Amino acid sequence: MSRLVIRGRNRLLGEVTVGGSKNSSVAVVPAALLADGKCVIDNLPMIRDVRVFAQILSDLGASVSIEGNSMAIAPNGFSSHVAPYDLVKKLRASYYLMGVLLAKFGRAEVGLPGGCDIGPRPIDQHLKGFRALGAEATVEGGVVRLHAKKLVGAPIYLDIPSVGATINIMLAASRAEGTTIIENAAKEPHVVDLANFLNAMGARVLGAGTDVVRVRGVSKMNAANHSVIPDDMEAATFMMAAVATSGDVVVRNVITKHLEPITAKLKEAGAVITENGDYVRVQGPERPHPINVKTLPYPGFPTDAQQPLVSVLARADGVSVVQESMYDNRFGHVNELVRMGANIKVEGRTAIVEGVPKLVGAPVKVSDLRAGASLIIAGLSAHGVTEVNGMEIVQRGYEMMPEKLRSLGADVTEEDE
Ligand code: EPU
């Protein structure tokens, strides 16, 4: 267990470079198992979720080696369709093994995954997709069992544009016979990134990034190399830290298009944002203005940025209303922010944030990944010392966060709890 001790009120100044996308990496890494040969994935963030996935693949018999931010994955001795709970429990995205194992072996047995506790996260849409492709699917004793004599492409309408279901169906459909059409598909940037990787391996995926994705299955997929897209949520976190500290930060290695929902809202909150090629410069106001936000699937305002944003708005000069439309329990940061002097009330899935002139440091505890980002941002803008306990949760998704913050002038130190 580790904690981050933050002495707040330093304006963040300078440049920071974001790493590869967590949510893309956790799809691209298992997808490499579909190839017949060795794939090399670059620009991977060396975060806990990626390392855990590497461990899972090697425990399943694949040969995996890591060098810097690259991972080479060769299916070699990979022959098991069983991914037991003990192996997959640490990582929610291990559910992508269902699509991969089903595509590769026609069967899969995967423990239902863990991950952040942000409310119920059903996988009915994933299973509906697998069944439409011809698989039998059962869930018993916390294990998902899938079996198909042969996968055959089919039209699939998703009830909600689930990122996980869209990706899992793309994975399974890439080796099915015929064409699969996913309607009401998720449009998030990592769906497009995975499609590019599948296509590089020889699959035929069209329309990723729109709400209709077509996958023409192929019988064989080749080795390919891929570079993961930049992490839009890491970029969003640094952008918000800049605003919260009235800082002036250039965030490098971003795809500015992916950040549009963040940029638009931070501008409304009073930030001056300039975009140029692969960077954004964010200059924060003395005190943010209040704004109203509702989380929505991409290109709407992302749920993953909601928690960090609440910390920014906690010091706004007025009342903001933040609606969470994706998860039942994504306000785990609020009670901790209140302990730091924030004035926030949660009613159902809505937070009413009455800005206060100052936050005051306190010991706080991280409940989930983005709550961790939220508490760090609050600590950076607060008077006095904030102890963020439970940093191992933050390490699941952020690479070298303390080092990057220090390079921007933050006074942060890591300690064992
Ligand atoms: N849902 C269902 N049935 C399903 C699938 C989803 O009802 O079969 C519901 C969920 O309960 C949720 C909504 O649909 O209310 C959206 O879920 P989605 O499947 O899109 O989310 P996910 O694939 O489980 C990914 C990210 C999350 C991010 C969401 C939304 C990964 C590994 N995780 O989760 O990332 O919040 O999309 O954008 O890609 C994070 O990075 O902190 C994080 C939680």
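Contact is taken here to mean heavy atoms within 4.5 Å. The structure is a predicted model, in which local features need pLDDT of at least 70 and side-chain atom pairs count only at pLDDT 80 or more, whereas totals for chains, interfaces and linings use all residues. Residues are numbered from 1 along each chain as its sequence is written, and side-chain values use heavy atoms, with hydrogens and water left out.

Under this contact criterion, and not counting residues up to four places away in sequence, Ala223 touches Ala35, Gly37, Lys38 and Cys39. Ala223 lies in the loop between strand S13 (212–216) and strand S14 (225–227), where helices (H or I, at least four residues) and strands (E, at least two) are DSSP runs numbered from the N terminus. With a relative accessible area of 39%, Ala223 is partly exposed, a class that falls between buried (under 20% relative accessible area) and exposed (over 50%), as computed with a 1.4 Å probe on protein chains only. Ala223 and Asp278 are separated by 55 residues in sequence and by 29 Å in space, C-alpha to C-alpha.

The nonpolar interior was described in terms of cores, a nonpolar core being a set of buried Ala, Val, Leu, Ile, Met, Phe, Trp, Tyr and Cys residues joined through side-chain atoms within 4.5 Å. The largest such core has 77 residues, and Leu97, Met170 and Leu198 are those with the most contacts inside it. A second, separate core comprises 66 residues, including Leu4, Ile262, Val293 and Leu375. In soluble globular proteins, nonpolar side chains tend to be buried together. Helix H4 (residues 96–105) is mostly covered, with eight of its ten residues buried; these are Tyr96, Leu97, Met98, Gly99, Val100, Leu101, Leu102 and Ala103. H4 is followed by Gly106, whose phi is positive, near 75°. Not counting residues up to four places away in sequence, Lys265 touches Ile291, Asn292, Val293 and Phe301.

Helix H1 (residues 22–31) packs with helix H2 (residues 48–59) at an angle of about 10°, their axes being 10 Å apart; axes are lines fitted to C-alpha atoms, for helices over the stretch in contact, and angles run from 0 to 180 degrees between N-to-C directions. H1 is therefore roughly parallel to H2, the convention being that angles under 35 degrees count as roughly parallel, over 145 as roughly antiparallel, 65 to 115 as roughly perpendicular and the rest as oblique. Lys22, Ser25, Val26, Val29 and Pro30 of H1 make the contact with Asp49, Val50, Phe53 and Leu57 of H2.

Strand pairing was assigned where DSSP finds at least two bridges between two strands. Four strands form an open sheet of mixed pairing in the order S10-S11-S13-S12, with strand S10 (155–157) and strand S12 (204–206) as the edge strands, each of which pairs on one side only. On average, neighbouring strands of this sheet are turned by 15° against each other, direction ignored. S10 pairs with strand S11 (residues 179–183) in the parallel sense over three bridges, and Pro155 stands opposite Ile181 in S11. Helix H6 (residues 163–173) packs on the sheet, where it touches S10, S11, S12 and S13, and its direction makes about 175° with that of S11.

Strand S17 (residues 279–283) is joined by five bridges to strand S15 (residues 248–252), and the two run antiparallel; Arg252 stands opposite Tyr279 in S17. Strand S16 (residues 272–276) likewise pairs with S17 in the antiparallel sense over five bridges, and Val280 in S17 is the bridge partner of Glu275. S16 and S17 form a hairpin with two residues between them, and Gly277 in the turn has a positive phi of about 55°. The covered face of S17 consists of Val280 and Val282, whereas Tyr279, Arg281 and Gln283 make up the uncovered one.

A further set of pairings involves strand S21 (residues 350–354), to which strand S19 (residues 319–323) is joined in antiparallel fashion by five bridges, with Gln323 opposite Thr350. Strand S20 (residues 343–347) and S21 pair in the antiparallel sense, again over five bridges, and Lys345 stands opposite Ile352 in S21. S20 and S21 form a hairpin with two residues between them, in whose turn Gly348 has a positive phi of about 60°.
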